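Please keep the structure open while going through the sections.

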Amino acid sequence: GKKVIIIGAGIAGLAASIRLSIKGFQVDVFEANSYPGGKLTEIIMDGYRFDAGPSLFTLPEQIDELFALAGLKTEDFFRYKRLEVNCNYFWEDGARLSAYSDLDKFTKEVAYQFGEQPENIKKALDKSAYIYKYLAPLFMHRSLHKWSTWLNKKAMASYFRIGKFGLFHTMNQANQRQFKHPKLAQLFNRYATYNGSNPYQTPATLNIIPHLEFNKGAYFPTEGMHSITSSLYTLAKQLGVNFHFNKAVDKILVKDKVAIGIQAGGKSYDGNYILNNMDMVTAYKTLLNEEKQPTRLLKQPKSSSALIFYWGVKKVFPELDLHNILFSKDYAKEFKAIFKDKDIDDDPTVYINITSVQKANDAPEGAMNWFTMINVPNDQGQDWEYLKAKARKAIIRKINATLHTDIEPLIEVEQILDPIGIATKTSSANGALYGNSSNNRYAAFLRHPNYSSKIKNLYFCGGSVHPGGGIPLCLLSAKIVADMIPKP
Ligand code: FAD
């Protein structure tokens, strides 16, 4: 049979292995780590379990689709439930807000807390749904780099609406206009960080993101985020995909401008198609260093990174939910620090993800597993030891001032992940979480296509290529690629 070699068992690599195996290929996945999942993995220490990377799960139907394609029922492998509270928001001045997934309940809560008209929120979310309706089929579900994407009825419908997609002003400008209360503008500005962008630069088009959380819903996999990886890995193996762990690929073999195989651990493996799920920038610099480089794409600014403190906290805070945000006082200043100064602000917005709220055995009795994260610049050679110490202090101050506690003595276990760690674990360029940044209205066009236009039979999936980073887009990249590779 015809063979596909996939480089990397990240979420996109796993999904592509499933699709291609169902399509009739023999699929071999080479993974540098000893485990699958890349950024979507877990950490276990001293009675605590943490989801190491992504914590927000939307569009579960994408996972359902993979099991359905295999003729199986998702619930036999993977379970999830819709959240009743999407996120709890806290400000240092004492303001608090629960973002209920029930829209009426949420708008009532906002009206009560901030005096914001429910209509303003409903309008904003309708706008978000509108952008999604017209742009998703064009920019997310297909390759941008094939004429057929641009020359069809759906595309035409979008061209006529171009003025309404917010391409010509920033997300912050749109949200300042939309909401009376500055805290609500801040809340909606935060969605820019879902793909590592800056709300003060990125086009208002990214207001597409709240549509996923509010209109389509936020979910929690009942066995934690890592069960997305483990269930897809189980499915792939059941379909006959061969996994080679601890096998870093060193080179993509190219002959007469055709990809013909890979080299790993001094051995060559041939394949009819090569699918790269490794970060595109690193792949060009290492696996394809003898080939022509897409210089302009490689130089694009990257998205932000993250600094995470995995803390075992020996106390239960009833006011905290699965997702919690402790907002900074001056959001503009915080983003200037991240994107302009490549620094960390003294008053960062702190995100705390606590899976033990939903999955009790993730922490010992009377304790919580805190995934405590701030957005930070990607790695530009900063002094991370210094920045980490500074950030830890700032985060602890923020938590104490906002939750009126003394958190430090309650931390009984700690592990830290910084941009360098993210780069080392998954070879993502500069430790960026989402590949190229979207701080530019042309960003969608400045991503690498899902195939190589120079080297035949070489394809790309994952967060560093089209359509972008984050689990939903990574899964779409797998779909686009699997549809593109001709049936064997
Ligand atoms: P990656 O996860 O980047 O994996 C690539 C794989 O390739 C790795 O396993 C790596 O070891 C392997 N590899 C690299 N080089 C080689 C080689 N030479 N040979 C063999 N294998 C190789 N997304 C969301 O949707 N929601 C969130 O809440 C969210 N939060 C995040 C928080 C953090 C801290 C991080 C780090 C990411 C977050 N993301 C989130 C982003 C999301 O995790 C990524 O977009 C997504 O997981 C990337 O998947 P990928 O398929 O591109 O592969």
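## Model and ligand site

The model is predicted. In it, 34 residues surround the ligand, and the closest are Glu31, Lys39, Gly463, Gly470 and Ile471. By class, this shell is made up of 16 nonpolar, 14 polar and 4 charged residues.

In the side chain of Glu31, a polar atom is 2.6 Å from a ligand oxygen atom. The side chain of Asn33 has an N or O atom 3.2 Å from an oxygen atom of the ligand. Ser55 takes part through its backbone, with an N or O atom 3.1 Å from a ligand oxygen atom. On its own the ligand has 1,000 Å² of accessible area, and the protein covers 94% of that. Three elements, α1 (11-23), α15 (419-426) and α16 (471-484), each give two or more residues to the shell around the ligand. The largest share, 3 residues, is that of α16.

## Nonpolar cores

The largest nonpolar core has 56 residues, and within this core Tyr89 and Tyr310 touch the most other members. Helix α4 (residues 118-140) is the main contributor to this core, giving 8 residues.

Beyond its neighbours within four places in sequence, Tyr310 is in contact with residues that include Ile43, Met45, Phe50, Trp370, Phe371 and Val413. Asp51, Glu414 and Gln415 are also among the contacts of Tyr310.

## Trp91

Trp91 sits in the loop between β7 (85-90) and β8 (96-100). Is Trp91 buried or exposed? Trp91 counts as buried because its relative accessible area is 5%, under the 20% cut-off.

Leaving aside neighbours within four places in sequence, Trp91 is in contact with Arg96, Leu97, Phe114, Lys183, Gln186, Phe327 and Thr402. With one of these, Gln186, the side chain of Trp91 forms a polar contact of 2.8 Å. Trp91 and Val376 are 285 residues apart in sequence, and their C-alpha atoms are 20 Å apart in space.

## Thr58

Thr58 belongs to strand β5 (residues 57-58). Thr58 is also buried, with a relative accessible area of 9%. Which residues is Thr58 in contact with, leaving aside its neighbours within four places in sequence? They are Leu212, Gly217, Ala218 and Pro472.

Note on methods: Residues numbered from 1 in each chain as written. Predicted model: local features only at pLDDT ≥ 70, side-chain atom pairs only at ≥ 80, totals over all residues. Heavy atoms only, no water. Helix = DSSP H or I, 4+ residues; strand = E, 2+ residues; numbered from the N terminus. Buried < 20%, exposed > 50% of the residue type's maximum accessible area, 1.4 Å probe, protein only. Contact = heavy atoms within 4.5 Å. Near = heavy atom within 4 Å. Polar contact = N/O pair within 3.5 Å; in protein donor to acceptor, adjacent residues only side chain to side chain. Areas by Shrake-Rupley, 256 points an atom, 1.4 Å probe, with all protein chains shown as cover. Nonpolar A, V, L, I, M, F, W, Y, C, P; charged D, E, K, R; others polar. Core = buried A, V, L, I, M, F, W, Y, C linked by side-chain atoms within 4.5 Å.
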